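Colleague: I would like to learn how to read the contacts in a model like this one. Can we take them one feature at a time?

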Protein chains: 2
Amino acid sequence: MTIATGQTHLPSCTDCPIRHRAVCARCEPDELQTLDAIKYYRSFEAGQTIIWSGDKMDFVGSVVSGIATLTQTMEDGRTQMVGLLLPSDFVGRPGRDGAPYDVVATTDIMMCCFRKKPFEQLMMTTPHIAHRLLEMTLDELDAAREWMLVLGRKTAREKIASLLSIVARRDASLDARRPGGPMIFDLPLTREAMADYLGLTLETVSRQMSALKRDGVIRLEGKRHVTVPDMGRLMEEAGDDSDGGCLA
Amino acid sequence: MTIATGQTHLPSCTDCPIRHRAVCARCEPDELQTLDAIKYYRSFEAGQTIIWSGDKMDFVGSVVSGIATLTQTMEDGRTQMVGLLLPSDFVGRPGRDGAPYDVVATTDIMMCCFRKKPFEQLMMTTPHIAHRLLEMTLDELDAAREWMLVLGRKTAREKIASLLSIVARRDASLDARRPGGPMIFDLPLTREAMADYLGLTLETVSRQMSALKRDGVIRLEGKRHVTVPDMGRLMEEAGDDSDGGCLA
DNA sequence: CGGCTCACTTGATCTACGTCAAGGATGGAT
DNA sequence: ATCCATCCTTGACGTAGATCAAGTGAGCCG
């Protein structure tokens with residue numbers, strides 16, 4: 001699905017395709033109307049930077065379709081991805097002006113945006129929207145901290161396995177996924193993006209992907225299409241006996 | 001200051017020593033009274049675990065004095081610190097039951113706690129408390145993401161310098177700190193704790209501390225008392241031209 | 001005072017991952 | 001069809017930081 005950049009017409013909040021996780025998940029009909037009034041859709045092409053680090057952000061919103069990343073960059077060019085935005089994930093910092101990192105579309109992407117000022121006012125008068133935001137922020141915080149363990153203490157192989165199991169779990173939508181059955185999905189990231197996520201180089205990512213394939217932990221068709229015959233095995237490889245955090 | 005474990009009497013919220021950053025920073029007198037009603041103080045000894053990962057948490061609260069850490073541990077014992085709690089920092093997850101990581105007192109510590117259930121009810125009816133919590137959570141999220149860059153992409157020397165500049169900045173209270181003047185503070189962490197924070201081994205931490213000392217970036221009296229003659233220099237070493245994130 | 005522990009330092013070696021370099025596969029433009 | 005640009009793989013080699021192993025020095029308790 002490729003969409004031209006710019007504003008388009010899409011269903012209103014009352015039948016928003018991502019209501020199950022988004023801000024408006026628990027809104028009453030009249031609150032949805034209010035949200036509709038300040039809402040607009042916006043699409044970006046793969047590779048486009050949606051928000052530059054330091055920019056003033058005048059909206060908040062959710063990803064409807066496509067994938068984006070949050071990245072931080074040092075002056076010498078070293079970059080670290082600090083978040084992955086999949087459909088239904090929220091972007092934005094009510095009450096804050098600047099963005100602390102770049103938001104980049106890695107595929108063509110559709111965002112459902114709310115103008116920030118009116119959204120903040122709505123938040124003031126609608127307690128459960130504020131609570132929903134707090135919940136989502138706590139989820140992201142948990143995910144970020146889980147990822148700190150990955151970055152600080154896991155080996156390259158464990159890092160790759162961790163990333164694969166996160167993507168596999170988030171990509172639940174796809175496929176007959178009987179519990180225990182194989183998980184099949186498309187990696188939404190290049191090897192370089194994976195490396196930036198995991199604090200590795202793209203060569204190391206490539207080598208470890210080959211190793212996991214050689215050892216039968218995953219199967220690869222092409223470079224991006226992944227089959228995980230045994231999720232339990234993959235999670236062992238990730239060093240995760242817990243169900244593993246899901247980086248928001 | 002050493003305090004026996006258990007409940008003690010301390011000033012009420014109306015003159016809480018940490019109001020400047022804590023939940024109640026913006027409360028009206030009547031709201032403070034309500035907070036007082038569900039509040040209690042609790043102290044822990046150095047080394048005590050305040051909350052075990054997976055435990056049910058029945059309170060939220062702030063650190064009044066002393067230092068605690070948030071750590072995650074893998075089954076094989078590898079551990080990663082995911083947060084540092086200094087005085088006025090908040091602990092707790094309104095709306096959540098379990099703790100996702102251990103909270104450990106690294107010094108004797110005094111906490112100002114609110115019983116969770118009534119606190120959550122208060123939050124429902126007091127919008128600006130909910131907003132304050134959202135703000136604090138966003139701060140922690142920013143700090144966690146800043147730290148992801150440290151863990152994923154910085155060298156051992158840069159990591160140490162990053163940690164030192166965070167502690168220096170948070171320990172602002174101490175000393176004549178004319179801007180540009182030397183910063184003097186006590187490290188609240190053992191070399192091992194620093195290592196767990198930075199994703200290094202204690203030997204590497206020790207070596208890099210010695211190197212920074214040898215190169216005149218810091219001065220050490222004993223093992224813990226640090227003088228930073230030039231904060232700008234330290235921040236350069238951290239690879240931070242920005243003012244550097246402050247890990248909450 | 002000696003002996004103990006705990007936190008730290010320093011050295012010698014090992015290794016996982018980074019770096020540099022040379023291809024291969026795919027897909028889109030001409 | 002051929003050219004080119006991306007994205008990916010694989011090999012050879014170098015190095016930052018881990019690991020293993022001795023110490024040192026400060027507090028503490030008899």
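Colleague: How much area do chain A and chain B bury between them?

Modeller: The size of an interface is often given as the accessible area lost when the parts come together. In this predicted model, chain A and chain B bury about 4,300 Å² between them. Carbon and sulfur atoms carry 56% of that area. On the chain A side, Arg145(A), Met148(A) and Arg153(A) lose the most area to chain B. Together they make up 19% of what that side buries.

Colleague: How many residues does each chain bring to the contact?

Modeller: Chain A brings 46 residues and chain B brings 46 residues.

Colleague: How many polar contacts and salt bridges go across?

Modeller: There are 23 residue pairs in polar contact between chain A and chain B, counting pairs with both residues at pLDDT 80 or more. The salt-bridge rule finds 12 across this interface. One of them joins Arg78(A) and Glu158(B), at 2.8 Å from N to O.

Colleague: Which elements of chain A touch chain B?

Modeller: Strands E5 (68-73) and E6 (79-85) each give two or more residues, as do helices H2 (116-125), H3 (127-153) and H5 (191-198) of chain A. H3(A) gives the most, with 21 residues. By class, this side of chain A has 22 nonpolar, nine polar and 15 charged residues.

Colleague: Now the salt bridges themselves. How should I read one?

Modeller: Side chains of opposite charge can pair when their charged atoms come close. Over all chains, the count is 34 salt bridges. Take Asp142(A) and Arg93(B), whose side chains meet at 2.7 Å, N to O. Asp142(A) lies in helix H3 of chain A, and Arg93(B) lies in the loop between strand E7 (90-91) and strand E8 (102-105) of chain B, so this pair joins two chains.

Colleague: Are Asp142(A) and Arg93(B) buried or exposed?

Modeller: The cut-off for buried is under 20% relative accessible area. Asp142(A) has 19%, so it counts as buried. Arg93(B) has 9% and is buried too.

Colleague: What about a pair within one helix?

Modeller: Look at Glu237(A) and Arg233(A), with their closest N and O atoms 3.3 Å apart. They sit four residues apart in helix H7 (residues 231-237) of chain A, so about one helical turn separates them. Glu237(A) is buried at 16% relative accessible area, whereas Arg233(A) is partly exposed at 30%. Both belong to a network of salt bridges that also links Arg157(A), Arg214(A) and Asp215(A).

Colleague: And a pair from distant parts of one chain?

Modeller: Asp97(B) and Lys116(B) form a salt bridge at 3.5 Å, N to O. Asp97(B) is in the loop between E7 and E8 of chain B, and Lys116(B) is in helix H2 (residues 116-125) of chain B, 19 residues apart. Asp97(B) is partly exposed at 47%, while Lys116(B) is buried at 7%.

Colleague: Last, the DNA. Which residues are closest to DNA strand C?

Modeller: Of the 16 residues that surround DNA strand C, the closest are Thr204(A), Arg207(A), Arg191(B), Ser206(B) and Arg207(B).

Colleague: Which parts of the strand do individual side chains meet?

Modeller: A polar side-chain atom of Thr201(A) lies 3.1 Å from a phosphate oxygen. For Ser210(B), the distance from a side-chain N or O atom to a phosphate oxygen is 2.9 Å. Glu203(A) meets a base instead: a side-chain N or O atom is 3.2 Å from a base nitrogen.

Conventions
Residues are numbered from 1 along each chain as its sequence is written. Chains are lettered from A and ligands numbered from 1 in the order in which they are written. This is a predicted model: local features need pLDDT of at least 70, side-chain atom pairs count only at pLDDT 80 or more; totals for chains, interfaces and linings use all residues. Side-chain values use heavy atoms; hydrogens and water are left out. A residue is near a molecule or strand if one of its heavy atoms lies within 4 Å of it. A polar contact is a pair of N or O atoms within 3.5 Å; within protein, one must be able to donate a hydrogen and the other to accept it, and residues adjacent in sequence count only if both atoms are side-chain atoms. Contact means heavy atoms within 4.5 Å. Buried area is the accessible area (1.4 Å probe) that two parts lose on being put together, summed over both. A salt bridge is a side-chain nitrogen of Lys or Arg within 4 Å of a carboxyl oxygen of Asp or Glu. Ala, Val, Leu, Ile, Met, Phe, Trp, Tyr, Cys and Pro count as nonpolar, Asp, Glu, Lys and Arg as charged, and the others, Gly among them, as polar. Buried means under 20% relative accessible area, exposed over 50%, partly exposed in between (1.4 Å probe, protein chains only).
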